[in-house]
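Colleague: Could you walk me through this model? I'll ask as I go.

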Amino acid sequence: MLIKIGFRGGGSVYELGTDSDMQLFFDCILYYVLPKYPDQNWSLITDRLYRRYLKLEELDAAVALMKLVEKEFKQLDREAFDWSKILSGQVKSDLDRAKSTLFEIFGKYFEAFYECIECAIRNYEWFKSDPDYKYQPVMVAYTTIPDLITYKLIPLSVFDNLQPDEKPIWWTGKIPKTTT
């Protein structure tokens, strides 16, 4: 069974595609967007969202950065990346190569990201007075059952302690063993 990846946050989960699709999304951000806006704090997207999770106080800034990504992706056609590995079957993908721009190809990624942000904020506002409530961060995660459930059990400290050279947990396919 192929594990699917997506965004989750505030209790919402959006399945978006394969791990390779998600990696390509972030690769396109790194390659096409960062060089155009070098003064922005891209670590919110390229580290916090990509490898870890977004904290409540980071959500507004992350949305502003994602709006820049959207703007740039609207200007890039589908030939902005090499489809050969996907077409040959070397890489599994759910991306629709018939779409004309990167924005259209990754449109559901933007929608899911913004929905997860809204849900995380809304849940925080609704439940913050409950002493048992824990903020449900926005992050890239497994979305396939039962992996989604196991992924939710990973303590945030595991993500916090990822070393700079470590790949994201969702990309490695290895959910760390934790003691609860």
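Modeller: Start with the buried residues of α6: what covers them includes β1 (5–9), β2 (12–17), α1 (19–33), α2, α3 (59–73) and α5 (102–105). Helices (H or I, at least four residues) and strands (E, at least two) are DSSP runs, numbered from the N terminus. The model is predicted: local features need pLDDT of at least 70 and side-chain atom pairs count only at pLDDT 80 or more, while totals for chains, interfaces and linings use all residues. Residues are numbered from 1 along each chain as its sequence is written, and side-chain values use heavy atoms, with hydrogens and water left out.

Colleague: Which residues of α6 are buried?

Modeller: Among them are Phe110, Phe113, Tyr114 and Ile117. Buried means under 20% relative accessible area, exposed over 50%, partly exposed in between (1.4 Å probe, protein chains only).

Colleague: How many residues does α6 have?

Modeller: Helix α6 (residues 107–127) has 21 residues and reaches 30 Å from its first C-alpha to its last. That is close to the 30 Å expected at 1.5 Å a residue, where the expected span is 1.5 Å times one less than the number of residues.

Colleague: What is methionine 66 in contact with?

Modeller: Apart from neighbours within four places in sequence, methionine 66 is in contact (heavy atoms within 4.5 Å) with Phe25, Ile45, Leu49, Phe110, Phe113 and Tyr114. Methionine 66 is in helix α3, and it counts as buried because its relative accessibility is 0%.

Colleague: Switching to rings. How many aromatic pairs are there?

Modeller: The structure holds 23. Rings of Phe, Tyr and Trp (its six-membered ring) pair if their centres lie within 6.5 Å; planes under 30 degrees apart count as stacked, over 60 as edge-to-face and the rest as tilted. The rings of tyrosine 50 and tryptophan 170 have centres 5.6 Å apart and planes at 85°, so that pair is edge-to-face. Tyrosine 50 lies in helix α2 (residues 43–51) and tryptophan 170 in helix α9 (residues 169–172), so the pair ties together parts 120 residues apart in sequence.

Colleague: Are those two buried or exposed?

Modeller: Both tyrosine 50 and tryptophan 170 are buried.

Colleague: And which lysine lies over the face of tyrosine 114?

Modeller: Lysine 67, at 4.3 Å from the ring centre. Lysine 74 lies over the face of phenylalanine 103, at 4.7 Å from the ring centre. A charge sits over a ring if NZ of Lys or CZ of Arg is within 6 Å of the ring centre and within 35 degrees of the ring normal.
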